[in-house]
Amino acid sequence: QRLPTRLLSDRPRRYQLVLGPRRVGKTTALYQTTALLLDAGVPAERVWWLRLDHPLLMQVELGALVRTVVQASRATSDAPVFLMLDELAHADSWDLWLKTFYDERWPVRIAASSSSTAALRQRRTESGVGRWDEQFLTPYSFLEYLDLIGRPVALPAEDDLAATIAASLESPLRAAGVADARRRFLLTGGFPELLLAFGHQEPDDATALLRSQRVLRSDAVERAVYKDIPQVFGVDNPLLLERLLYVLAGQIGGVLSPTSLCRQLGGMSQPTFDKYVSYLERSFLVFTLPNYSGSEVGSQRRGRKLYFVDGAVRNAAGCSGSRNASRGSVGGAGWSSHRGSTPSRPTRVTTASACSLSTCCCSRRALRPRGTSRHASRRPRPNERSDHARRYVGSERDPRAAEEVGDHRLRVRGG
């Protein structure tokens with residue numbers, strides 16, 4: 001509702017850029033804005049849609065396209081043309097053209113979006129100050145999700161948080177029976193496509209979770225890490241950026257410790273860490289909040305906390321949910337990262353085939369058959385205790401802790 005209102009009033013005169021994570025519905029918001037403009041009485045010949053990632057339109061500069069639209073619609077300052085520019089980042093020098101349209105007062109009112117949000121946010125500081133506003137489209141909140149499925153819960157909304165909490169205490173919420181909806185929301189996240197994927201069907205939790213992770217990992221996480229951020233910011237090591245995202249998935253809600261995280265990432269420098277976190281923020285994957293303190297100095301000294309823009313994005317980034325689902329247990333958005341967690345140590349060494357050490361998280365220390373030890377150039381000596389046996393055998397003195405590895409035996413006593 002806000003976007004068409006701002007385009008119609010044009011006070012203050014600004015272009016509108018719709019920003020948000022991938023798959024959140026930015027293009028759908030432009031379609032809805034077009035419909036509302038037509039419902040408000042704007043003639044159809046003054047509402048134009050340009051999909052700038054079309055192969056033919058990509059060969060024409062943005063200025064020539066808009067000039068053609070203005071001439072065809074016979075737009076004037078009193079009767080401007082409304083332009084919906086989808087995938088704006090695909091147009092060359094789009095920021096300079098928007099600056100030209102604004103400064104030279106072309107008779108156009110523009111609403112634009114792009115799947116590569118990082119590209120749009122990067123150019124605002126150079127050309128967009130005072131010329132366009134950013135409208136942020138976030139994933140559904142839980143209350144919006146309840147409205148979507150026809151189970152609304154009335155929540156009083158006041159001018160500030162304290163007044164809202166006070167009003168809520170005076171009129172208790174009638175939220176009984178929403179536990180199943182809350183669980184589904186935590187599993188699939190607040191992305192409209194995923195919430196509506198099954199229609200009126202009720203899939204099991206594992207199916208909903210795995211679909212959510214598959215879609216968000218390929219469309220939201222990997223495209224941002226391997227396409228958007230390298231193209232916009234010139235990152236030449238996206239693999240390190242992805243590793244950082246894995247580590248952050250295990251730090252959700254905790255105070256960021258750049259020194260400790262850099263050590264986990266193999267000696268990444270703190271300036272690089274700060275840059276990469278800012279890139280992830282501009283791509284709408286994560287956001288940071290300062291710790292609360294009564295003074296600004298205290299807030300800065302106590303560091304920041306990091307959160308993912310949606311719980312399902314965090315699960316897709318950490319890839320922890322699919323492992324949990326495969327074991328028959330499905331948790332919520334607050335699972336700990338599988339890669340970032342410390343593996344439990346068994347109290348007794350078992351054969352590699354029995355505990356599947358070759359595929360588990362501690363496979364780096366798994367017992368290896370003769371000829372495939374950690375040092376491939378050296379074969380195990382007789383009666384040699386393997387590193388895995390020394391590390392993972394419990395403290396109990398158990399005569400059964402003799403295991404055959406390859407064609408030689410290890411006798412381990414007392415860990």
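**Fold, helix packing and local features of the predicted model**

The protein chain has 18 helices and 9 strands, where helices (H or I, at least four residues) and strands (E, at least two) are DSSP runs numbered from the N terminus. This is a predicted model, in which local features need pLDDT of at least 70 and side-chain atom pairs count only at pLDDT 80 or more, while totals for chains, interfaces and linings use all residues. Residues are numbered from 1 along each chain as its sequence is written, and side-chain values use heavy atoms, with hydrogens and water left out.

Of the 415 residues of the protein chain, 41% count as buried; buried means under 20% relative accessible area, exposed means over 50%, and partly exposed lies in between (1.4 Å probe, protein chains only). Contact is taken as heavy atoms within 4.5 Å. Among contacts between residues at least 6 apart in sequence, 66% join residues at least 24 apart.

The largest nonpolar core holds 38 residues. Such a core is a set of buried Ala, Val, Leu, Ile, Met, Phe, Trp, Tyr and Cys residues joined through side-chain atoms within 4.5 Å. Within the largest core, Leu-216, Leu-244, Leu-245, Leu-248, Tyr-276, Leu-280 and Phe-308 touch the most other members. At least two residues of this core are supplied by each of α10 (205-233), α11, α12 (258-264), α13, β7 (304-308) and α15 (311-318). Helix α10 gives the largest share, 8 residues. A second, separate core has 28 residues, among them Leu-52, Val-66, Val-69 and Leu-85.

Two packed helices are described by the angle between their axes and the distance between the axes. Axes are lines fitted to C-alpha atoms, for helices over the stretch in contact, and angles run from 0 to 180 degrees between N-to-C directions. Helix α11 (residues 238-249) packs against helix α13 (residues 270-282) at an angle of about 80°, and the two axes are 11 Å apart. The pair is therefore roughly perpendicular, given that angles under 35 degrees count as roughly parallel, over 145 as roughly antiparallel, 65 to 115 as roughly perpendicular and the rest as oblique. On the α11 side the contact involves Leu-240, Leu-241, Leu-244, Leu-245 and Leu-248, which meet Phe-273, Tyr-276, Val-277 and Leu-280 of α13. By class, these residues comprise 9 nonpolar, no polar and no charged; Ala, Val, Leu, Ile, Met, Phe, Trp, Tyr, Cys and Pro count as nonpolar, Asp, Glu, Lys and Arg as charged, and the others, Gly among them, as polar. Leaving aside neighbours within four places in sequence, Leu-244 is in contact with Leu-265, Phe-273, Tyr-276, Val-277 and Leu-280.

Helix α11 also packs against α15, at an angle of about 120° and with the axes 8 Å apart. This makes α11 oblique to α15.

Individual residues were then examined. Arg-109 lies in strand β4 (residues 108-113) and is buried, with a relative accessible area of 16%. Not counting residues up to four places away in sequence, Arg-109 touches Leu-7, Leu-8, Asp-10, Pro-80, Val-81, Phe-82 and Leu-83.

Pro-21 is located in the loop between β1 (15-19) and α2 (26-39) and counts as buried at 4% relative accessibility. With residues up to four places away in sequence left out, Pro-21 touches Lys-26, Leu-137, Pro-139, Phe-191 and Phe-284. The C-alpha atoms of Pro-21 and Asp-219 are separated by 9.9 Å, although these residues are 198 residues apart along the chain.

Arg-23 is also placed in the loop between β1 and α2. It is not a glycine, yet Arg-23 has a positive phi of about 70°, and it is partly exposed, with a relative accessible area of 35%. Arg-105, in the loop between α4 (94-103) and β4, likewise has a positive phi, near 55°, in a residue other than glycine. Arg-105 counts as exposed at 61% relative accessibility. The peptide bond from Arg-11 to Pro-12 is cis, with omega near -5°, and Pro-12 lies in the loop between α1 (2-9) and β1.
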